[in-house]
Amino acid sequence: MILDVMNLKKCLTNVFLLTLAMLTTASGGFVGVNIGTDVSDLPAASNVVAILKAHQITHVRLYDADTHLLQALSNTSIEVIVGVTNEEVLRIGESPSAAAAWINKNVLAYVPSTNITAIAVGSEVLSTIPNVAPVLVPAMNSLHKALVAANLNFRVKVSTPHSMDIIPKPFPPSTATFNSSWNSTMVQLLQFLKNTNSSFMLNAYPYYGYTKGDGIFPIEYALFKPLPSVKQIVDPNTLFHYNSMFDAMVDAAYYSIDALDFSDIPVVVTETGWPSSGGSNEPDATVGNAETYNNNLIRRVLNDSGPPSQVNMPISAYIYELFNEDKRNGPISEKNWGIFYSNGSAIYPLSLSTSGQINGTSASVFCVAKDGADSDKLQAGLNYACGQGGANCAAIQQGQPCYLPNNVKSHASFAFNDYYQKTHSTGGTCDFDGTATITTRDPSYGSCIYTGSSNSSGGGMSLAPTALGPSSPSEASSNMQMCSLQYLISVVGAFLALVML
């Protein structure tokens with residue numbers, strides 16, 4: 001009898017773990033956000049987390065193990081990737097004791113209240129600090145062993161983000177391979193990922209693929225926009241159609257992994273995005289393109305499918321990045337990848353819904369200031385709208401919801417729209433000496449609600465679904481999820497009952 005109970009316990013334990021794995025696999029892709037900190041007016045950690053919670057962001061990646069952020073993230077259930085900086089990789093790779101100390105200080109000190117689920121060892125190590133490559137996998141191994149010693153290896157996974165530069169010729173994807181000079185390191189790394197059930201981390205930027213591509217691919221391909229039949233991008237070897245450069249980049253990684261005889265290693269995109277501003281030699285870094293790319297990225301990820309060669313492997317992606325890092329070196333675009341101002345207001349409308357439709361594209365019409373409009377003309381239009389025009393400009397006064405960002409374009413947009421909403425039915429126009437334009441996208445953000453908006457709850461920005469992914473629009477899928485949940489509950493109940501025997 002005792003033996004039968006023990007066998008039943010063992011059986012149900014295996015079923016329980018298998019069920020968890022099945023539900024995890026079926027959970028689909030998610031959208032997360034990177035948090036860089038090279039920001040002049042970086043908000044306090046508690047305010048950063050408040051922004052994440054307000055917009056239902058459930059996955060974040062840190063580039064280090066910032067104490068203040070890790071403490072602020074406690075008891076939020078937000079899944080966190082912590083980073084080993086490039087400067088730390090060499091020491092950890094050469095010293096297992098240093099790896100154990102790093103885990104004690106930066107993981108054990110925070111879990112389980114802070115939901116750390118992965119460690120990113122360095123950032124694009126092979127591309128940026130190739131001299132450290134020989135100790136990269138040893139560093140990952142040492143960190144993993146420290147997690148095993150702490151019984152955290154099933155909860156916290158170890159990987160390292162790679163640049164697309166390690167794949168010299170990513171198109172066509174079917175012939176893509178890693179740079180052969182890294183084959184020895186890559187084989188060790190992929191074996192580690194396979195052994196530890198970890199993901200291959202890839203930083204995939206169609207922005208750079210397009211701007212450095214000498215016009216080979218149309219910008220629509222980089223922005224997830226539909227292509228006419230005569231411009232379809234097709235892999236000549238597999239005849240797979242690629243609707244976006246993003247999918248082709250992810251598939252190039254899968255084919256490169258396969259070329260080294262590895263499989264079933266999921267690819268997670270740890271960085272992707274589009275800059276909202278650039279210099280005179282960066283014409284494609286615009287608010288419009290950034291808005292288009294990231295909204296379409298969200299829609300793409302939430303359809304829960306993989307790239308053409310791995311359609312059953314949903315893609316998860318982390319948008320680069322939460323704030324504009326104005327202290328970064330390099331071209332103007334390098335400082336303008338953020339999706340939020342540091343006060344928490346959105347730089348451009350960005351949202352998702354379970355149906356995959358982008359919010360703010362209804363029949364509502366808004367009047368806003370044009371990009372690049374003359375500031376003196378904007379000021380004159382603002383003065384008119386708030387004065388003789390009769391617009392209600394209370395919301396753009398200091399301390400009010402629409403005061404920030406405190407610039408003439410933002411204030412003019414609010415005033416122009418309020419004036420237009422009140423007067424267009426009696427002949428009022430959206431012109432203001434050529435500085436205004438009509439848009440169907442709701443410009444509301446945070447608690448700043450534009451007149452005419454159907455969004456009464458704020459900016460409506462939700463960058464990621466809950467941990468189990470977005471709800472399916474189909475009743476069949478919903479029923480399937482409910483059945484899976486009920487099954488899990490029943491297994492857990494039976495398992496716990498047996499544990500008490």
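**A charged surface patch and a buried histidine**

Asp-433 sits in the loop that links helix H14 (408-423) to strand E13 (436-439); helices (H or I, at least four residues) and strands (E, at least two) are DSSP runs, numbered from the N terminus. The model is predicted, so local features need pLDDT of at least 70 and side-chain atom pairs count only at pLDDT 80 or more, while totals for chains, interfaces and linings use all residues. Residues are numbered from 1 along each chain as its sequence is written, and side-chain values use heavy atoms, with hydrogens and water left out.

Is Asp-433 buried or exposed? Asp-433 counts as exposed because its relative accessibility is 53%; exposed means over 50% relative accessible area, buried under 20%, and partly exposed in between (1.4 Å probe, protein chains only). Together with Asp-374, Asp-376 and Asp-431, Asp-433 forms a patch of negative charge on the surface. In such a patch, residues have over 30% relative accessible area and no salt bridge, and like charges are joined within 9 Å. A salt bridge here is a side-chain nitrogen of Lys or Arg within 4 Å of a carboxyl oxygen of Asp or Glu.

Helix H14 also holds His-411. His-411 is buried, because its relative accessible area is 9%. Leaving aside residues up to four places away in sequence, His-411 touches Leu-382, Ile-396, Cys-402, Tyr-403, Pro-405 and Asn-406, where contact means heavy atoms within 4.5 Å.

Turning to the whole chain, the secondary structure comprises 15 helices and 13 strands. Of the 501 residues in the chain, 50% are buried.

Conventions. Patches are made of residues with over 30% relative accessible area and no salt bridge: like charges are joined within 9 Å, nonpolar side chains (Val, Leu, Ile, Met, Phe, Trp, Tyr) within 5 Å. Accessible areas come from the Shrake-Rupley method with a 1.4 Å probe; for residues, only the protein chains shown count as cover. Lys and Arg count as positive and Asp and Glu as negative; His and the chain ends are not counted. The place of a charge is taken as NZ of Lys, CZ of Arg, CG of Asp or CD of Glu.
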